[in-house]
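Here's a quick briefing to read alongside the model. Have the sequence and the 3D view open as you go.

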Amino acid sequence: MDEGQVILLPGEAVPSTLLPPTRKGVLTLGPGLRHVMPSEIISTTAGTLNKNDKKGATWLEFESGRYVPTLGDLVVAQIHHGATDQYYCMLAPHTSNAVLGHLAFEGANRKTRPQLKSGDVVYARVCRAVKGEDVEIECVNSATGKSDGLGPLKGGMIFNVSLAYARGLMAPGENDATAMLQALGEKISFEIAVGRNGLIWLNGADVKTTLSIGKALTDADQRKA
C-alpha cells in the first residue's frame with residue numbers, strides 16, 4: 001500500500017517498512033508522531049502517514065483547527081513588537097507570540113541586522129518548540145549561516161488558508177494544491193511563501209494580480225473543505 005494511504009489512529013505504531021531512509025542516522029519526525037524508546041514511532045493523533053525520503057522525514061497529515069508550532073516548521077510570521085534583543089512575532093490566533101532574535105538573520109550583527117517594525121512579515125523556521133516555554137524562530141540556517149530563502153518579505157499581502165491546505169501546498173510531489181499553484185505560475189508571475197501556520201504571503205506585479213492569486217488559492221481551499 002502506498003504510504004500516502006496509510007491511516008493511523010492515536011497510539012498506533014508506524015511500521016518500520018514505511019519509514020523513510022535516515023539522513024546520517026537521523027530520522028526527522030513531524031506533526032502527529034513521537035519517538036518511544038528505544039526505537040518505536042507512535043502516532044499521537046489520527047491522520048494519514050506521509051514521508052519525504054530526501055529529507056529523511058515523516059509526519060501525519062490531519063485536520064486541526066489550531067496551529068501548534070513544531071520544530072522545523074516553516075512559518076509566515078508578522079512582527080508584533082520589538083524588544084531589546086528580539087522581536088515578538090504572531091504566528092496564528094490564540095497562539096502565543098514567537099521570539100525572533102535580532103541576529104537570527106544571515107550575516108546579521110548589531111549594525112547590519114534588519115530593522116523591522118510592527119506589521120512587517122518574515123519567512124522563518126521554528127528552531128525551538130518546548131511546551132511551557134517561548135517558541136523561537138529564526139531566519140537563518142544555524143548550521144550554515146545562510147538564509148536558505150528565509151528572511152523579511154517585502155511588500156505583498158497575507159492570506160489565510162486551512163492548515164491542511166497549507167501542508168498540501170508545501171508537500172513534495174503533485175497534489176490538488178500544488179497542481180493549482182503550478183497552473184497559476186504558468187500564467188502569472190508572482191512570489192509566494194507558504195507557512196505551516198496557515199498563512200500565505202503573495203506578491204504579484206500589482207495589487208490586482210496579488211488579490212486574484214490569493215482569491216484563487218483561498219477559493220480552492222474552501223472548495224476542498
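Let's start with Glu138: at 12% relative accessibility it counts as buried (buried means under 20% relative accessible area, exposed over 50% and partly exposed in between, using a 1.4 Å probe and protein chains only). This is a predicted model, where local features need pLDDT of at least 70 and side-chain atom pairs count only at pLDDT 80 or more, while totals for chains, interfaces and linings use all residues. Residues are numbered from 1 along each chain as its sequence is written, and side-chain values use heavy atoms, with hydrogens and water left out.

**Around Glu138**
- Glu138 sits in strand β11 (helices, H or I with at least four residues, and strands, E with at least two, are DSSP runs numbered from the N terminus).
- Arg125 is 13 residues from Glu138 along the chain, and their C-alpha atoms are separated by 5.4 Å.
- Setting aside neighbours within four places in sequence, Glu138 contacts Leu100, Ala104, Ala124, Arg125, Cys127 and Leu150 (contact means heavy atoms within 4.5 Å).

**Around Gly151**
- Gly151 belongs to strand β12, residues 151–153, and is counted as buried because its relative accessibility is 4%.
- Between Gly151 and Val121 there are 8.6 Å in space, C-alpha to C-alpha, and the two are 30 residues apart in sequence.
- Not counting residues up to four places away in sequence, Gly151 touches Val121, Val122, Tyr123 and Cys139.

- Most residues other than glycine have a negative phi, and most peptide bonds are trans.
- The Met37 to Pro38 peptide bond is cis, with omega near 5°, and Pro38 lies in the loop between β3 (33–36) and β4 (40–43).
- His94 has a positive phi, near 65°; you'll find His94 in the loop between β8 (86–90) and β9 (98–105), where it counts as exposed at 73% relative accessibility.
- Asp148 also has a positive phi, near 55°; its place is the loop between β11 (136–139) and β12, and at 46% relative accessibility Asp148 counts as partly exposed.

- Helix α1 (residues 163–170) is largely enclosed by the rest of the structure, because six of its eight residues are buried.
- Those buried residues are Leu163, Tyr165, Ala166, Arg167, Gly168 and Leu169.
- An unreviewed UniProt entry carries the annotation "domain: K Homology" for residues 156–207 (positions are given in the numbering used here, feature names are shortened, and annotations may be inferred rather than shown by experiment).
- Across residues 156–207 the chain is 40% helix and 29% strand, with the end C-alpha atoms 8 Å apart.

**The whole chain**
- The protein chain has three helices and 15 strands, and 41% of its 225 residues are buried.
- Along the principal axes, the C-alpha atoms fill a box of roughly 50 × 40 × 30 Å.
- Of the contacts between residues at least 6 apart in sequence, 61% join residues at least 24 apart.
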